[in-house]
Amino acid sequence: MARRSVADIEKIWSNVEGVKKLSDRAVGVGPFGIGLDGLLTWIPVVGTVYSVGAAGWLLIQAGRAKATPSTLMRMVGYLGLDSATTAVGEVIPFAPDVVDFFFPGHLMAAKVLQKDIESTHWVEASEREARASGEHDRHVADMRRNPKLRRIVYLHD
């Protein structure tokens, strides 16, 4: 497996931003937005496939970005609710479609992941190497100086 870099994490953040806009903010109207997720929900099966596919892709990106368990749980909650409303549409016509049209589950999950990425001090080394060289203490000090950072992730672990 290739070692990850900070550039890889930035690429994940950017890709998640793209899905966020495509799914729930392709067209913005004031504080509201409409995207593919809301539009495709009116087409049987296609909306479900898109919703579940985009949700799975976001969760894969969270795994690649080493998201915290609490971030993953929040994402699963938002995405599960979003996908469930789409799937229930097969039983109760229109009501779930209306909910899915206005519920920005992909947007909310993407924001949670992006916030997790932004609150992490990324280090292109392994923790063992950093501790052996004394760099770990410097990384901890850097993290403590910045109130936005909550954790350190070593990308080569």
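Does Asp116 count as buried or exposed, and at what relative accessibility? I looked this up before anything else. The model is predicted, and my entries below should be read with that in mind.

**Entry 1: Asp116 and its partner**

I found Asp116 at 1% relative accessibility, so I put it down as buried. I then checked its side chain and found a salt bridge with Arg150, at 3.8 Å from N to O. The cut-off for a salt bridge is 4 Å, so this pair counts. Asp116 sits in helix α6, while Arg150 is in the loop between α8 (135-145) and β4 (151-154). The pair therefore ties together parts that are 34 residues apart in sequence. Arg150 has a relative accessible area of 55% and is exposed. I noted that exposed means over 50%.

**Entry 2: Helix α6 against helix α3**

I stayed with helix α6 (residues 105-118) and looked at how it packs with helix α3 (residues 46-64). For such a pair I need the angle between the axes and the distance between them. The angle is about 5° and the axes are 11 Å apart. I therefore recorded α3 as roughly parallel to α6, since angles under 35 degrees count that way. On the α3 side, the contact is made by Ser51, Ala54, Ala55, Leu58, Gln61 and Ala62. On the α6 side I listed His106, Ala109, Ala110 and Leu113. I sorted the residues of this contact into seven nonpolar, three polar and no charged.

**Entry 3**

Next I looked up Lys20 and Glu17, whose side chains meet in a salt bridge at 2.9 Å, N to O. Both are in helix α1 (residues 6-24), three residues apart, so about one helical turn separates them.

**Entry 4**

I moved on to Arg131 and Glu127, which form a salt bridge of 2.9 Å, N to O. Both residues belong to helix α7 (residues 127-133) and are four residues apart, about one turn of the helix. I have Glu127 as partly exposed, with a relative accessible area of 29%. I also found that Glu135, Arg138, Asp142 and Arg145 are joined into one network by salt bridges that share partners.

**Entry 5: Tally**

How many salt bridges did I count? The count comes to eight salt bridges.

Technical notes:
Residues numbered from 1 in each chain as written. Predicted model: local features only at pLDDT ≥ 70, side-chain atom pairs only at ≥ 80, totals over all residues. Heavy atoms only, no water. Axes fitted to C-alpha atoms, helices over the stretch in contact; angles between N-to-C directions. Helix = DSSP H or I, 4+ residues; strand = E, 2+ residues; numbered from the N terminus. Parallel < 35°, antiparallel > 145°, perpendicular 65-115°, else oblique. Contact = heavy atoms within 4.5 Å. Nonpolar A, V, L, I, M, F, W, Y, C, P; charged D, E, K, R; others polar. Buried < 20%, exposed > 50% of the residue type's maximum accessible area, 1.4 Å probe, protein only.
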